[in-house]
Amino acid sequence: MHISGQLIPTIRQLNAWPRFRLRLFAEGTVVGIFAGLTAGFFRWVLEEGTVLRKYIYTILIQSGPVVNVTWFLLLALAGYILWRCVAYEPDAAGSGIPQVKGAISCSLHMRWFRVLWVKLFSGIVGIGLGLSLGREGPSIQLGAVTAQGISEALRRTRMEERYLITAGASAGLAMAFNAPLAGVLFALEELHRNFSGVVLAPAMAAALIATVICRLIFGSQAVFQFGVLPSFPVTYTWLAVLVGIILGVCGIVFDKGLLAANRFYRLPIFTKPWLPVVFALFTAGILGYVFPQILGGGNDLINSLHVMPLSLKLFAALLIGKFLFTLISYGCGVPGGFFLPILVIGALLGSVLGICFIETGLMEEKYLSDIVIIAMAAFFTASVHSPITGTVLIMEMTGSYEHLLVLCTASLIALVTAKICGGKPIYDILLERLLTEGERVVPKDEKRNIIELTVNSGSVLDGKGVRQVIWPPHVALVDIKRGDIEIIPDDGAVLQAGDYIYILSDVPRFVEKVRHMAEDETV
């Protein structure tokens, strides 16, 4: 394969690895400042919008029919505007996490400035008006495109840009949840799927800087408040295992419902493309009168769970309502994620299970909140398949660091259960759908890239000599790094688990084939 002049800087970076890593750390700090401010502005406006929405509905309930009809006309107008925004920039639709994964894997190219303003505006309008969507997915994409803009301004290589995008995504999640470790782990475990030091350094720098900004603006208090969380007895560990199994199955149900949600909007009644968004907003408008607890992302709902009466009917109603409204909201295609709704639904499932445990005498009432946070971690893991992120995220968001063991147990059990049931990571499935259903054209000058992959233990590449590997077409192995040692990828080189390989390719599907060869036992 001919190596173009545009790739010469990338080759130089590979040859000057220690200096390149230091530069990435410094750039990650810059990314953390700008990505943190962007995601912080988004979070602040949404929090103020939630207060405003509650105030509006208190007025509407006391007003006459003219005012209420006018409100629904405004909702219809907002729905049309949101549809126009998504039609203008399709990559701003949904949570944005699949788009970020695609940009990191070179499967698609985001027009960063268009995504930035469309995501900001549309996310504020849609979530602010009550759609059951979270700020976390959009915050991750906002951080990622901010980092991409910085990279393009500095004229960095595509390989370096992918590291910075990962750092921006890490900063976005850290800002959204006041959770720096979870931001780093999510960026590494789910987005980049690589725990190399060169990825870790900028991601950690960005997440830490964003968290400092977050705490200066919003304070250092944990996002979720459960009052006093007692230590979960070791004798109740079997309950955590049971919760992991049940939530593992529930995670599969949720993922299937989420993937099938857009089919509802293909019904003949939706004769215009903007009608699904209007329908979702009208649903939010009706719920604002009769069931306001399930509007928005759900932070306030989680924080109020520990003071609600132990009514199985109440929690079951909240669970069903939140589940269905999340499908309606996400299926209409407006900007907004299901990251936070996943945690809310998991908390409600945990509440239902906990009440059942209490009523059957299996558990004392004081441990109900423990079951709730265990269920949140398990449900997140069952859907996303990121157990480390799920465990650390819940610990940081609740301040329950003593629950590490039980959260790990439930998360791993939920992951195993989901895999046995045939579940796949939801963001991977959404990315595949995005690339299959919508044509995403990568600019010609950005198609040929050097991509970093990790050789996993027991994979197809583990223990194989370079000359023994049948590489896909349009793929060239340009470098191998084993710790601090650089190995020339000649015919005598043998790949080992833990090696970082750098391949040159201009065809995304062949890159994915090599990725599977490096990660899986069979291809």
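Mentor: Helices here are DSSP runs of H or I with at least four residues, strands are DSSP runs of E with at least two, and both are numbered from the N terminus. The model is predicted, so to speak, on its own terms: local features need pLDDT of at least 70, side-chain atom pairs count only at pLDDT 80 or more, and totals for chains, interfaces and linings use all residues. Residues are numbered from 1 along each chain as its sequence is written, and side-chain values use heavy atoms, with hydrogens and water left out.

Let us begin with Thr 283, which is found in helix H11, residues 275–290. At 16% relative accessibility Thr 283 counts as buried, a word that stands for under 20% relative accessible area, with exposed over 50% and partly exposed in between, for a 1.4 Å probe and protein chains only. Once neighbours within four places in sequence are left aside, Thr 283 is in contact with Phe 325 and Ile 328, where contact means heavy atoms within 4.5 Å.

Tyr 57 has its place in helix H2, residues 17–62, and is buried, with a relative accessible area of 5%. Apart from neighbours within four places in sequence, Tyr 57 is in contact with Trp 71, Ala 284, Gly 285, Gly 288, Tyr 289 and Leu 295. Between Tyr 57 and Leu 404 there are 40 Å in space, C-alpha to C-alpha, and the two are 347 residues apart in sequence.

Next come two helix pairs. The axes of helix H10 (residues 237–264) and helix H17 (residues 404–420) come within 7 Å and cross at roughly 40°; such axes are lines fitted to C-alpha atoms, for helices over the stretch in contact, and the angles run from 0 to 180 degrees between N-to-C directions. H10 and H17 are therefore oblique to each other, given that angles under 35 degrees count as roughly parallel, over 145 as roughly antiparallel, 65 to 115 as roughly perpendicular and the rest as oblique. From H10, the contact is made by Ala 240, Val 241, Gly 244, Ile 245, Gly 248, Val 249 and Ile 252, and from H17 by Val 406, Thr 409, Ala 410, Ile 413, Ala 414, Thr 417 and Ala 418. By class, this contact has 10 nonpolar, 4 polar and no charged residues; Ala, Val, Leu, Ile, Met, Phe, Trp, Tyr, Cys and Pro count as nonpolar, Asp, Glu, Lys and Arg as charged, and the others, Gly among them, as polar.

Ser 411 also has its place in helix H17, where it is buried, with a relative accessible area of 0%. Not counting residues up to four places away in sequence, Ser 411 touches Ala 377, Ala 378, Thr 381, Pro 387 and Thr 391.

The axes of helix H5 (residues 112–128) and helix H6 (residues 136–154) come within 9 Å and cross at roughly 150°, and that makes H5 roughly antiparallel to H6. The crossing of H5 and H6 is left-handed. On the H5 side, Trp 112, Val 115, Leu 116, Lys 119 and Leu 120 meet Pro 138, Gln 141, Leu 142, Val 145, Thr 146, Gln 148, Gly 149 and Glu 152 in H6, and the residues of this contact divide into 7 nonpolar, 4 polar and 2 charged.

Helix H4 (residues 97–104) has 8 of its 8 residues buried, so it is largely enclosed by the rest of the structure. H4 is followed by Cys 106, whose phi is positive, near 65°. Cys 106 is also among the contacts of Ile 451, together with Arg 162, Ile 501, Tyr 502, Ile 503, Val 511 and Arg 515, leaving aside neighbours within four places in sequence. Ile 451 itself lies in strand E1, residues 449–454, and counts as buried at 3% relative accessibility.

Most residues other than glycine have a negative phi. Asn 178, in the loop between helix H7 (158–177) and helix H8 (180–192), has a positive phi near 55° and is buried, with a relative accessible area of 6%. His 385, in the loop between helix H15 (368–384) and helix H16 (387–398), has a positive phi of about 65° although it is not a glycine, and at 11% relative accessibility His 385 counts as buried.

How values were computed: Left-handed = near helix turned anticlockwise from the far one by under 90°.
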